[in-house]
Structures are given as C-alpha cells and as structure tokens.
Amino acid sequence: MLADIAAVIAPIFVCAGIGMAWIWSGKAFNTEMVTEISFNLGIPCIIFSTLTRLTVSTEAFAEMAVIYAIATLGFLTLGAIVLKLAGLPLTTFLPGQGFCNNGNMGLPLSLFAFGEQGLAYAISTFVISSIGSFTVGMGIYSGRPSWGLVWRNPIIYGLLLTLVFMLSGTKPPQWLSNTTQILGGVAIPMMLISLGVAMARLKIAGFGRALFLSVLRIGGGFAIGLAIAEIAGLHGAARGVLLMQSAMPVAVNNYLLAQRFNRNPSEVAGTVVVSTALSFATLPLLLYFVLG
Amino acid sequence: MEVIGDLMAVVTPVFICVAIGLLWGKLNKPFDTDIITSLVYTVGAPCLIIATFAKVKISSAALAELALAGLLCYAAFAVIGALVLKAARLEIADYLPSLMFPLTGSMGLPVCLFALGEPGLALALVYFMLGTLGTFTVGAAIAAGRVSLKEIARTPAVYAVFVAVYMVVAEVQTPQWIVNTTALLGGTVIPMQLIALGRSLMALRFAGVGRSTALGLLRLAMGVAVGWGVAAGLGLTGAARAVVILQSAMPVAVSSYLFAQLYGRKPEEVAGMVLISTAVSFLTLPLLLYFVLHAG
C-alpha cells in the first residue's frame with residue numbers, strides 16, 4: 001500500500017520540487033514560455049492522445065463531465081455561503097473555491113492511481129474546470145460574465161478534434177497518434193514544474209485566512225465529491241478520480257486572474273500556496289482512502 | 001500504401017515538432033533556449049535514460065553489442081572524416097567534431113522509438129549516450145585541444161549512463177515511484193528537443209554554402225555507409241541493426257554548432273552543415289527507413 005501511494009505521489013512531489021529548487025538555486029525560469037508550451041501544445045495533445053486511445057466510452061466521459069459540473073456548482077455554493085457568513089469578499093475568494101488544481105496536480109494523480117482510464121476521467125473533469133475558470137471564474141473576478149474567451153482556450157480545439165474521432169468511432173492515423181502522444185508528454189511535467197516555480201515565487205498574505213479557506217477547499221470539496229459519488233453510484237476509477245479532483249488545492253490560475261482584475265492577488269496567492277502545501281499532507285490520506 | 005502509412009508514422013512527428021519550433025520563432029512566441037536546454041539536459045535526459053532502461057528489459061550482452069557497434073561507428077567516422085578533411089586541406093579541428101557526432105538525440109531517438117518501439121529507444125539511447133560522452137571528451141579534445149572533464153562532471157546524463165548500465169547488469173527491479181517520476185520527466189525530452197531544433201534552425205546564420213553542402217552530404221553518406229558496414233560486419237539483426245544504421249545516418253548535430261561557437265571553430269560554416277544536412281535528411285530519411293525496415 002505504501003509503495004502504491006508513493007508511486008502516485010512521488011512524481012508530483014519531485015516535479016514540483018524541481019520547480020522550487022530551480023528558483024531557489026537562482027536559475028532563470030520563463031513561466032510565460034512554459035505556460036504557452038503546455039497550454040497551447042501539451043494540453044490539447046494530451047487530451048487528444050488519451051481520449052482517442054478509447055480507454056473510456058464517450059458516454060462515460062460525458063457522464064463524468066456532467067457530474068463534475070454539478071460538483072463545481074456544489075463547491076461554488078458551499079464557498080459562497082461560508083464566505084458570506086465569514087464576511088469575506090466573494091469577488092476575491094469564490095473562484096478559488098470552485099476551480100481547483102485539476103490539471104497540473106489532478107491529471108498525474110489520476111494517471112498514476114488509475115492508469116490511462118483514470119487519466120481519461122480526469123481530463124473530463126479538467127475540461128469542465130478549465131472552461132468554468134475562464135467563464136464563471138473570470139466573470140466573478142471581473143464582475144461581468146465572459147463567455148467569449150471560451151473560444152480562445154486551446155483546450156476547446158483539442159477537445160473538438162477529439163470528439164470528431166470519438167463520436168465517429170474512427171481511429172486517428174498513426175502519425176497523428178504518435179505526434180500528439182509525444183507532444184502531450186510535455187503537458188504534465190511542465191505544469192508541475194511551473195507549480196513548483198509558483199510556490200517558490202508567490203508572495204503571500206493573510207496566512208490564517210488562507211489556512212481556513214484551504215481547509216474549506218480541500219475538506220469541503222472532498223465532502224461534496226463523496227456525497228455526489230454516493231448519489232451517482234460511482235465506483236472504481238470514476239469514483240476515485242471524482243474524489244481526488246474534488247479535493248484538489250486552489251488552482252494557480254486563480255492567482256493570475258486575481259492579479260489581472262486586481263482582486264487582492266497576494267491574498268489569493270496565499271490560498272494557492274497554503275492549500276497546495278496542505279494538499280501535500282492530505283494527498284497520502286486521500287490516496288489511502290481512494291485506493292484502499 | 002501500408003508501408004507509406006508506417007513511414008509517415010515515424011517521420012511525421014519529427015517534422016511536425018520541428019515545424020512547431022520554426023513556427024514558434026516566426027510567431028515571436030516566448031522561447032528561451034537556455035532554459036529548455038538546461039531542463040532537457042539536467043532533468044529530462046537522465047530521467048529518459050533511467051525510465052527507458054527500467055521499462056525495457058535488455059540483456060547485458062545486447063547492451064555490450066550495441067555499445068561496441070557504436071564505438072566502431074564513431075571510430076570509423078573519425079578516421080574517414082580526418083582523411084577526407086586532410087585530402088581537402090581543411091582544418092581538422094574546425095570540422096571533424098561535426099562529422100563525427102550526428103544528431104542522435106533530438107532526431108535519432110524519436111525516429112528509433114517510432115520505427116522500433118521502446119526496445120528500439122533503449123538501443124538508440126546506448127548509441128546516443130556514447131555520442132554524448134564522446135562529444136565532451138574526444139570532440140572537445142579535437143576542437144579545443146583539451147578534454148573538458150569539468151563539463152563531463154557537470155552533465156547529469158553521464159551519471160544516468162552509469163545508473164542505467166548498473167540497472168542492466170545487476171537486473172535491478174526499479175521501484176514504481178522512480179519509474180513513474182522519471183517517465184513523466186523523461187517525456188519532455190523528445191518533443192522539447194525537436195521544438196528547440198526547429199527554433200535553432202531558424203536562428204542559425206550560415207556562410208560558405210558550397211563547403212557546408214559538401215561536408216553536410218559527407219556526414220549523411222558516410223553515416224549510412226559506416227552504419228551499414230558495421231552492422232553487417234558484426235552480424236547484427238533486427239532492431240540492433242536498424243538502430244545502428246539509423247543513428248549513424250543522422251545529420252550534423254546542433255550541439256556541434258554550439259561547440260564551434262564556444263571554441264571559435266567557424267560556427268557559421270558548421271551552422272550551414274547543420275541546416276543542409278538536416279534539410280537533406282528530411283528527404284532521405286523516409287527512403288532510409290524504407291530500406292532498413294522493409295527491404296531486408
């Protein structure tokens with residue numbers, strides 16, 4: 001069991017650790033470049049390459065997307081209630097409660113815990129959370145809904161091309177599978193290294209508040225995920241992936257958006273760093289629960 | 001038709017990734033070659049070596065056989081290259097490293113992976129590791145007149161070579177957490193190297209087209225001939241034979257250009273050799289693959 005948990009967590013710790021060590025050793029790191037590469041190339045390719053290998057059916061993939069959309073609504077509702085009660089500004093903290101690290105942390109966790117099938121389910125939740133973050137999340141930060149940006153998200157194009165093959169039941173030609181497979185291999189390690197870089201670089205504020213919100217994100221998320229898994233009768237990889245993705249820390253993207261719309265970015269950075277650090281402690285327990 | 005599909009599956013990923021690198025430069029998107037090179041060489045390459053040898057079970061005998069074939073190829077490149085340069089009255093220190101050490105990493109590894117699967121990648125890595133060691137020792141000795149031991153000691157891939165050899169010889173069962181971690185990080189090597197290749201091809205300034213063309217073509221022709229000869233001489237078959245021929249026939253390595261720049265050894269002409277031999281190999285690679293894989 002311990003070896004199983006280590007096999008899932010070690011890649012995340014080591015990759016994020018490399019990112020942190022990179023910054024601490026004073027080496028140059030170009031986050032903009034790494035983000036462009038993983039966002040524009042790596043992620044669309046990993047989506048295409050994973051899903052066209054057909055480890056889950058289109059129905060199961062869509063079902064997971066709907067379930068995770070419901071879960072996200074649950075996170076946002078719980079977050080809104082607690083933030084209101086605590087007298088904290090929703091425009092600063094609510095998106096972080098709804099949109100968590102389903103990409104750089106959730107994808108490798110699901111892959112190593114449940115194999116390619118787990119990765120396919122995790123991609124389903126990641127698509128929802130990425131689209132949600134750029135529409136609803138950005139809408140909350142900016143104060144007005146922003147649907148237009150959906151079409152600027154390369155994930156959409158990766159997904160659309162994938163759906164053409166999934167729905168028509170055709171296998172992509174080998175050259176396309178090979179190309180997307182190697183380019184997709186860039187996404188996860190690059191995202192994890194950038195996560196480490198962000199952890200080492202972010203200037204945080206409001207530790208106590210950040211800790212409270214981190215517990216809410218991870219604990220509240222887990223509770224909602226568990227409830228939905230029970231109601232939907234999920235089992236196996238689908239259940240495991242939903243639980244893990246629901247209990248992820250606050251996504252780094254929230255910090256970038258908070259900075260852009262000037263919503264106390266250093267406080268949001270605090271929730272990112274503290275929840276990520278907390279998740280390093282909760283991950284082994286979470287995996288023990290999910291794999292056991 | 002099926003053969004064409006097979007060949008496409010091998011060469012297209014290489015072309016597309018290089019093209020992305022070119023396009024990335026054209027679009028002026030951020031690209032920091034130093035950071036990518038540093039990530040690939042200090043983190044990615046050692047991980048790829050360890051991950052591949054953890055997944056692919058290859059015998060010590062197969063490893064030794066390929067290492068011997070690789071050494072013979074590099075020795076033959078050195079002798080033939082030196083003779084031709086002498087005959088043409090060209091400075092050996094300027095051109096020999098570029099003729100000796102082909103692009104076995106960014107181009108050779110993906111070609112062998114897609115043509116022959118993971119066992120092919122493992123064998124291709126053996127050839128590549130010899131080249132990396134050779135570049136820092138023999139290559140540096142020729143270009144600079146001294147061996148850069150300090151560079152060798154600072155190259156993590158060198159340590160990974162020893163770990164990999166130990167893993168093969170002692171038949172180590174690698175723990176899953178190491179396999180997962182190194183596989184994840186090693187996965188960045190091939191695509192990032194290819195994109196960086198495209199990016200650097202665009203940035204190269206070259207001179208002396210005539211001489212660069214002749215030497216670039218010499219690299220490719222000599223590569224095929226030596227690879228074929230060594231494989232036949234040692235009686236290699238299957239994946240080992242294909243890897244030796246393919247790796248030997250790779251174009252002039254971009255690292256040769258960086259080397260030439262570092263030691264002031266006519267970098268513009270070496271850049272011309274890199275560009276011309278890479279462009280020509282894009283045309284000859286499908287043919288070579290066809291002959292190696294399909295025509296006995």
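Select Asn28(B). Asn28(B) is exposed in this predicted model, and its relative accessible area is 68%. Check the backbone there: phi is positive, about 60°, although Asn28(B) is not a glycine. Show the flanking secondary structure as well. The residue sits in the loop that joins helix H1 (2-26) to helix H2 (33-55) of chain B.

Follow chain B to Ser59(B). This residue is in the loop between H2 and helix H3 (60-87) of chain B. Is Ser59(B) buried, partly exposed or exposed? Ser59(B) is partly exposed, because its relative accessible area is 40%, between the limits of 20% and 50%. Ser59(B) and Gly25(B) are 34 residues apart along the chain, and their C-alpha atoms are separated by 43 Å.

Switch to chain A and pick Asn262(A). Here too phi is positive, about 55°, in a residue that is not a glycine. Asn262(A) occupies the loop between helix H11 (252-260) and helix H12 (265-291) of chain A. Asn262(A) is exposed, with a relative accessible area of 61%.

Which residues have the most contacts inside the largest nonpolar core? They are Ile37(A), Leu109(A), Phe31(B), Phe53(B) and Val111(B). That core has 188 residues. Centre on Ile37(A) and display what it touches, leaving out residues up to four places away in sequence. From chain A, Ile37(A) touches Gly42(A) and Val186(A). From chain B, Ile37(A) touches Trp24(B), Phe31(B), Ile36(B) and Met192(B).

Last stop: a helix pair in chain B. Show H11(B), residues 238-248, and H13(B), residues 267-293. Their axes are 10 Å apart, and the helices pack at an angle of about 160°. H11(B) is therefore roughly antiparallel to H13(B), as the angle is over 145 degrees. H11(B) crosses H13(B) in a right-handed sense.

H11(B) contributes Arg241(B), Ala242(B), Ile245(B) and Leu246(B). H13(B) contributes Leu288(B), Leu289(B), Val292(B) and Leu293(B).

Key. Residues numbered from 1 in each chain as written. Chains lettered and ligands numbered in written order. Predicted model: local features only at pLDDT ≥ 70, side-chain atom pairs only at ≥ 80, totals over all residues. Heavy atoms only, no water. Core = buried A, V, L, I, M, F, W, Y, C linked by side-chain atoms within 4.5 Å. Buried < 20%, exposed > 50% of the residue type's maximum accessible area, 1.4 Å probe, protein only. Contact = heavy atoms within 4.5 Å. Axes fitted to C-alpha atoms, helices over the stretch in contact; angles between N-to-C directions. Helix = DSSP H or I, 4+ residues; strand = E, 2+ residues; numbered from the N terminus. Parallel < 35°, antiparallel > 145°, perpendicular 65-115°, else oblique. Left-handed = near helix turned anticlockwise from the far one by under 90°.
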